[in-house]
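Open your viewer and keep the selection tool handy. We will go from stop to stop, and at each one you get something to select and a note on what is there.

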Amino acid sequence: MTAVTTGGAVMGGRAVMAGRAVVTGIGVIAPNGLGLEEYWSATLRGETGIRPIRRFDPATYPVRLAGEVTGFEPKDHLPSRLIPQTDRMTQFAVAAADWALADAGADPAGLDPRAVGVATASASGGFDFGQRELQKLWGQGPGHVSAYMSFAWFYAVNTGQISIRHDLRGPAAALVSEQAGGLDAVAHARRGVRRGAPLMITGGMDSALSPYGLAALIASGRLSGRDEPARAYVPFAEDACGHLPGEGGAILVLEDAARAAERGARVYGEIAGYAATFDPPPASGRGSNLRRAIEGALADAGAAPDEIGVVFADAAADPELDRAEADALAAVFGPRGVPVTAPKTLTGRLYSGAAPLDLALAFKALGEGLIPPAGGGPAAARYGVDLVTGAPRPLTRSAALVLARGFGGFNSAMVVRSDRAREGER
């Protein structure tokens, strides 16, 4: 039996405080927008970040489109000494963490550094940095390999560099569960807040759009080879043929609700519920455990299905995986029982960065009362999914559900709430 891991009442054999963990700051780096407001506006307009890869010539690859971040200059956002030490994904993560802290109006320097923590996710590590240094090794010799290669490629480096930059010595974690990792990292940060951390920095960030990185992604067999941006990544469609890769993600600041209120912080909403499951082996004949993750997250949040106003789907654009996700949603909410969106069709799948980016949109959607649309057209009738496309749709309920599935069988689900949405209901 696959166990459900929730943000429940016992961790490591001891009780966990049941305080509410709220989001007070968000930093976004996406292929169609830098910063939360720019990204939100572009998504509402249906503005895509999918385009031909520019960083290298992809002509010999079967995949030539991706969600590539443009307009981000590391020298504009990072100390010069840090740039040669870091991969592109880490440059994104450090900048987004700075933006999230500024958005929260939070200065970690005023807190006990042993109490403030960082939990991030990465699915691929520093592919671009690693490829460059390996080329030096084979082309010029070991004396030409950067000393920073010892850590710049590593999955935990984003957590480490954010911690170093802000002198944070509290609970730290790095989660590696592919697309599901971003939610897992945020859930881990929520546990940190419940255990007494005054503030946690969390989220996910990835960038694998180098020749080596793209080759590794193609090996999964799940990428789309179409060259038409509008039809290359179309989940729940009759002609779905895989997803497109992207880069970027989001970093969030989590705080205890009482502390946030005491300092008068603006609150986007609450991380209300979480659960994770793992699928059985493909040859076992048993189905996906995504439904159990959804039900576990709802139970952890104390929420009924009819409280959910929108689902941010994992949206694999693989017929078998789309079918499993549609079946899980129908089992919990009924056929076409809840609006579903997949804004990642405008950015590509960002791997560990995808779900934190969906969380950012979920909080904006709840606060603004609008469901951002997915790219492409309506879902095929056979899936029974009420996919929001074309234009935003009104959102009146106070909770949203974000789903993420990682390659190899990871399923994660997270329920978020917004007090501002609740006020609108009243």
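## First stop: a buried alanine

Select A237 to begin: with a relative accessibility of 10%, A237 counts as buried, because the limit for that label is under 20%. A237 sits in the loop between α9 (229-232) and β11 (248-256). Show its surroundings and, leaving out residues up to four places away in sequence, you will find that A237 touches R231, A380 and Y383. A237 and S284 are 47 residues apart along the chain, and 27 Å separates their C-alpha atoms.

## Colour by confidence

Before going further, please keep in mind that this is a predicted model. Colour the chain by pLDDT: the mean for the protein chain is 90, and 94% of its residues reach 70 or more. Which element has the lowest mean pLDDT, and which the highest? Strand β2 (residues 10-11) has the lowest, at 30, while strand β13 (residues 308-312) has the highest, at 98.

Next, select residues 1-17, where pLDDT stays under 50 throughout. The model has 42 contacts beyond four places in sequence for residues 1-17. Where pLDDT is low, the predicted coordinates should not be read in detail.

## Into the largest nonpolar core

Select F236, I294, I308, V311, F333, L401 and V415. Of the 52 residues in the largest nonpolar core, these touch the most other members. Then show the elements that give two or more residues to this core: β7 (65-67), α8 (211-218), β12 (269-278), α11 (290-301), β13, α12 (319-333), β18 (399-406) and β19 (410-417). The largest share, 6 residues, comes from α11.

Stay with F236 for a moment. Setting aside residues up to four places away in sequence, F236 touches A313, A315, D322, E325, A326, A379, A380, Y383, V385 and L387.

## Two residues with positive phi

A315 has a positive phi of about 60 degrees although it is not a glycine. Look for A315 in the loop between β13 and α12. Is A315 buried or exposed? A315 is buried, with a relative accessible area of 0%.

Now jump to Y351, in the loop between β14 (339-341) and α13 (354-368). Y351 is not a glycine either, and its phi is positive, near 60 degrees. With a relative accessibility of 6%, Y351 counts as buried.

## Pocket and cavities

Rolling a probe the size of a water molecule over the atoms shows where empty space is left. For the largest pocket, select R222, L321, G406, G408 and G409, which are the closest to its centre of the 37 residues that line it. The volume of this pocket is about 870 Å³. α8, α11, α12, β18 and β19 each supply at least two residues of its lining, and the largest share, 5 residues, comes from α12.

How many cavities of 30 Å³ or more does a search of the whole structure find? The search finds 2. About 50 Å³ of space lies in the largest cavity. To see its lining, select A326, L329, A330, F333, G334, R336, G337, V338, V340, G384, V385 and D386. α12 gives the most to this lining, with 4 residues.

Select S122, in the loop between β8 (117-121) and α4 (127-140). S122 counts as buried, at 1% relative accessibility. A polar atom of the S122 side chain lies 3.0 Å from the backbone nitrogen of G125. Beyond four places in sequence, S122 touches M89, Y155, L175, V176, M205, D206 and S352.

Finish with N158, in helix α6 (residues 157-165). N158 is buried, with a relative accessible area of 1%. Not counting residues up to four places away in sequence, N158 touches M89, T90, A93, T120 and M205. With both neighbourhoods on screen, you can pick out M89 and M205, which are touched by S122 and by N158.

Terms used:
Residues numbered from 1 in each chain as written. Predicted model: local features only at pLDDT ≥ 70, side-chain atom pairs only at ≥ 80, totals over all residues. Heavy atoms only, no water. Buried < 20%, exposed > 50% of the residue type's maximum accessible area, 1.4 Å probe, protein only. Contact = heavy atoms within 4.5 Å. pLDDT = per-residue confidence, 0-100. Core = buried A, V, L, I, M, F, W, Y, C linked by side-chain atoms within 4.5 Å. Polar contact = N/O pair within 3.5 Å; in protein donor to acceptor, adjacent residues only side chain to side chain. 1 Å grid on protein atoms, 1.4 Å probe; cavity = no way out; pocket = protein on both sides within 12 Å on 5 of 7 lines; lining within 4 Å. Points joined across faces, edges and corners; volume = space filled by probe spheres on them.
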